[in-house]
Every structure is written in structure tokens, then in C-alpha cells.
Amino acid sequence: MISRLPYELLSSILEEAAYSNAQDIQHFTYGVDTTSTKGKVQRTLRGHVANDSLRWLSTDAIRQVNTQWHDWACQYALRDLYIRRWRGSERWTQSRKLDSIQGYPSKDVYYRDPYCSLRKTVALFTNHPSLASSVRRIFFDGFYGIETTAMIFQVLKLCDGLDSVALPWITLRYGSDDDWSHLLRRRDNGTALSSLELLAVDLKQSQIKDHARQIDKRPLDSFKVNFGHLRRIKLSGSSNLMPINDDDLVAISRTAQLQELHITGTTFVTTEGLLALSRASDNTLRVLEHSPLADDGFEHPNASSTDDGSHLCTEIVQCPHLRDLAISLPTICSDLFSEPSVEWVGDVQIRAAGVCGQSKGLEQSSDARQAFFNILSQARSLIQAQQKRHIDLNIEIFIDHFIFEPSKKLVHADLSVGEILSGGSWPAMPVPSSKGPYGQTGQYGKDERAYQCIHEEEFVEGLRKGYISF
């Protein structure tokens with residue numbers, strides 16, 4: 001019988017069956033609309049069915065076979081959970097069938113509890129703890145209140161097998177030290193949470209002015225909260241209500257030993273917080289991403305220098321196991337590429353506003369420009385050193401509105417102004433570039449011209465003749 005097969009083989013068979021069942025399930029949700037057809041009701045596409053819902057529906061028949069298959073189906077379906085606050089409004093129609101609807105939908109909007117999914121998850125896991133034990137990754141979206149934060153931690157306490165969790169940033173304010181110490185603890189079976197994401201958004205003015213929301217339980221001040229078991233932290237987004245800042249990162253750094261650190265799209269974390277966490281994890285850190293929010297999308301933010309006068313370029317190089325690097329720094333210098341023993345591999349992206357040790361900017365000082373071209377030369381030397389070690393390394397340096405590829409001696413930019421100033425004589429043979437302000441993701445905004453690519457020597461010539469400038 002199939003149930004007598006080794007569990008690994010049985011699991012593979014059931015997974016293929018679940019995947020096959022999912023192909024026969026409706027993957028989209030629909031609604032009705034009267035706005036675009038002069039009163040005629042038509043069906044409209046609303047969106048995708050969530051992956052966790054598809055997995056649950058695809059294992060419906062499997063769960064009914066026997067206990068072993070039921071347990072496998074629950075583990076498969078509940079492995080990843082996405083719990084989202086409901087948004088929108090509903091109106092009733094007179095029929096469930098689109099072709100038999102008579103007249104218009106009701107004008108009355110029916111209230112639906114926006115936190116229904118969270119409440120039902122709490123109730124389900126409270127009544128059936130074995131289901132909660134199947135969850136490995138969980139994502140909460142849209143819950144920013146004190147009451148919903150309490151429900152989130154209720155769910156987390158019941159999920160004793162979690163490996164990864166994504167939470168609203170406000171849980172770091174509304175959660176108690178007991179909540180956080182329980183989430184980050186090492187469990188009796190030796191496992192612990194390994195990945196934590198904190199996602200921030202801006203709230204409405206009415207929400208941030210509500211005095212009831214101005215509560216900070218300061219769990220990071222407690223010695224019970226230990227981040228030492230985490231291997232990955234990601235901070236994403238910015239908020240206008242008690243945002244995560246450098247002080248929080250300094251508090252986390254007291255116990256952290258991270259392998260991955262991602263800080264993206266925030267305006268309240270500077271190089272101070274970044275340096276605190278990277279120092280604490282210098283012997284374990286493998287991935288470092290720091291991309292603070294900039295209004296223009298490409299303009300470098302006004303990042304501050306460190307209070308203790310530390311040289312950031314040297315600090316980064318001193319992380320011996322660092323492999324993946326994408327970072328924004330106030331200034332850079334040749335020291336960043338001076339250590340041939342670094343383990344950097346693949347694409348390394350460096351964004352900077354200027355050059356270390358230069359009081360004047362690149363647009364004003366020829367010494368600063370010469371120092372920058374020395375940086376490009378040093379980057380090429382590092383790439384060549386890595387090639388001798390059979391390591392494929394590509395470095396991109398973003399400064400001002402230019403993208404430099406030292407290995408190919410190429411510069412990517414919008415060169416239209418230079419073409420006008422030179423009367424069309426410069427650049428001589430520009431090549432269309434797929435790179436934009438965010439690397440290879442294309443253009444940023446609708447008013448940007450397409451980027452072009454030229455050789456470094458031609459770029460230097462354009463600088464000398466005044467066709468282009470930093």
C-alpha cells in the first residue's frame with residue numbers, strides 16, 4: 001500500500017498530487033461592476049487567490065484519507081501563512097449568478113470586520129494547537145493597533161515551530177518584553193526563530209494624533225529580550241508613528257549575531273545604527289544591504305557620519321565572511337577596495353554622495369574627482385585579484401546621477417544635456433543602457449530619459465570640456 005512507503009517518498013507523491021489539484025482550482029477572485037458599462041452588471045477580476053488558500057484547497061481530498069495523510073496535508077497547507085487586514089466594502093446583489101442578476105446591486109454597504117482573519121486565526125490555533133505547530137513562516141499585513149498587536153502575539157505564542165516571521169514595525173512598540181522574549185527564545189527542541197522582518201508604513205494623520213496610540217513599552221530595554229538566535233533581520237519602509245531608529249538598532253546589537261542584515265526604504269536609520277549591528281555581527285555577517293529612502297529615487301540621502309569618527313570603509317572590509325554587499329554610504333575611498341582577501345562575490349553595489357577626506361564635492365574640486373577615479377582603479381584591482389582566486393566579482397558604484405562599472409570601464413547616465421551642449425559631437429558613439437537609477441531595474445519615474453553607456457575615457461573628456469558634470 002502507498003501508506004507503507006517511506007515518509008520521504010510518500011511526501012513527494014502527495015506534494016505532486018496537491019500541485020496537480022491546485023491546477024484545477026480557481027486562481028482568481030471576482031466581483032461585479034457597473035461603472036464601466038452604463039449600468040450593465042459585469043464580472044471583474046479582483047486579484048489572485050492567496051497561496052496559502054490554494055494549498056489548503058488543493059489538499060482538501062488528501063486530508064480526508066487517513067490520519068497520516070491529514071497530518072501531512074496540514075503541515076503542507078499551513079507551512080506559510082499570510083494574514084492580511086480586509087480592505088474595501090461590499091454590496092449585496094439579488095442573485096449569486098451573474099447572468100440572472102435583476103436590477104442594480106443594493107446601495108447599502110455591509111460592514112465586515114477588517115480584523116476577521118486575525119481573530120479567526122487566534123480562535124483556530126487556540127482550539128487546535130497541532131495546526132499552529134505546522135506553521136513555519138507567517139506574515140502579518142495591515143495590523144497597526146494595540147488590540148491587533150496583542151492578537152498577533154497570541155498567534156505567535158501558539159506557533160511553536162516558527163522559523164520566519166514578518167511583523168508590523170509597531171509590534172516593537174506595543175509588544176511587551178515577555179512577548180518578545182517568548183518569540184526569540186530557544187525552544188525545548190533546540191530550534192529558534194531565525195528570520196525577523198519589521199515592515200513600516202505611514203499612517204493617517206488621525207491615527208498618529210490619537211494619544212491612545214502613543215505607547216512605547218520599550219521591550220528592547222529588557223535583558224530578557226535576546227536576539228542572539230536570529231540569523232536574519234530585515235527592516236523595510238518608513239513610518240510617521242514611532243519609527244524604528246538608530247537607538248533600536250543599537251539595543252538589538254547588544255545580543256545580535258546576524259548572518260544577514262537588510263535595511264531598505266527607511267529615513268530614520270543612519271549609518272550609526274548600521275555600524276552598530278555590523279560590528280556586533282562582524283564575525284558572522286554574510287549579507288549586508290543598506291538602501292535608505294531617497295525622495296528622488298536616486299538622490300543619495302543626507303546620511304550622517306559616525307559619532308566616534310570610525311571610518312566606514314574600513315569597518316565594512318573588516319567583516320571577514322561578508323559575501324553579498326549592497327550599501328549606501330556618505331562617502332567612499334580606496335580603502336573600501338584595498339583588501340584582496342575579502343569574500344565578496346557576484347554583484348556588489350555601492351552608493352555614495354562623495355569621497356572620503358575631501359572638503360569640497362566632486363563638482364567643485366579636481367582633487368576630489370581625481371580621488372574618485374583612483375577609487376575606480378582600486379576597484380578594478382580588487383576585481384582582478386578575485387579573478388585570480390576564481391571568484392566572479394562585479395562592482396557597480398552609484399554616485400550623483402552616474403553608474404560606474406569599473407571592470408568594463410563603462411559609465412551609464414542620461415547624456416542628453418551633454419549632447420545638446422556639444423552640438424551632437426559628444427558622446428561620439430553612445431550605446432543604449434538597460435541600467436537606470438536603481439541599477440538594472442530600468443528608469444525611475446516617467447520623465448526620465450533612457451540611460452546611455454560610454455567609456456570612462458570619453459566620460460573624462462566630457463567632464464574636461466564641460467559637457468557634463470557631477
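Analyst: Here is a short tour by topic. This is a predicted model, so local features need pLDDT of at least 70, side-chain atom pairs count only at pLDDT 80 or more, and totals for chains, interfaces and linings use all residues. Residues are numbered from 1 along each chain as its sequence is written, and side-chain values use heavy atoms, with hydrogens and water left out.

User: How many helices and strands does the protein chain have?

Analyst: There are 15 helices and 16 strands. Both are DSSP runs numbered from the N terminus: helices are H or I with at least four residues, strands are E with at least two.

User: And what share of the residues is buried?

Analyst: 46% of the 470 residues. Buried means under 20% relative accessible area, exposed over 50%, partly exposed in between (1.4 Å probe, protein chains only).

User: What about disulfides, how many in the whole structure?

Analyst: The search finds 0. A disulfide needs two cysteine sulfur atoms within 2.5 Å.

User: Which cysteine sulfur is closest to that of C313?

Analyst: That of C333, at 3.9 Å, which is too far for a bond.

User: Is C313 buried or exposed?

Analyst: C313 is buried, at 1% relative accessible area. C319 is also buried, at 5%.

User: Switching to aromatics. How many pairs are there?

Analyst: The count is 15. Rings of Phe, Tyr and Trp (its six-membered ring) pair if their centres lie within 6.5 Å; planes under 30 degrees apart are stacked, over 60 edge-to-face, and the rest tilted. One of the pairs is Y144 with W169: centres 5.5 Å apart, planes at 45 degrees, so tilted.

User: Where do Y144 and W169 lie?

Analyst: Y144 is in the loop between β4 (137–141) and α6 (146–158). W169 is in the loop between β5 (164–168) and α7 (171–174). The pair therefore ties together parts 25 residues apart in sequence. Both residues are buried.

User: Which residues do ring pairs link into a cluster?

Analyst: F372, F373, F402, F404, F459 and F470.
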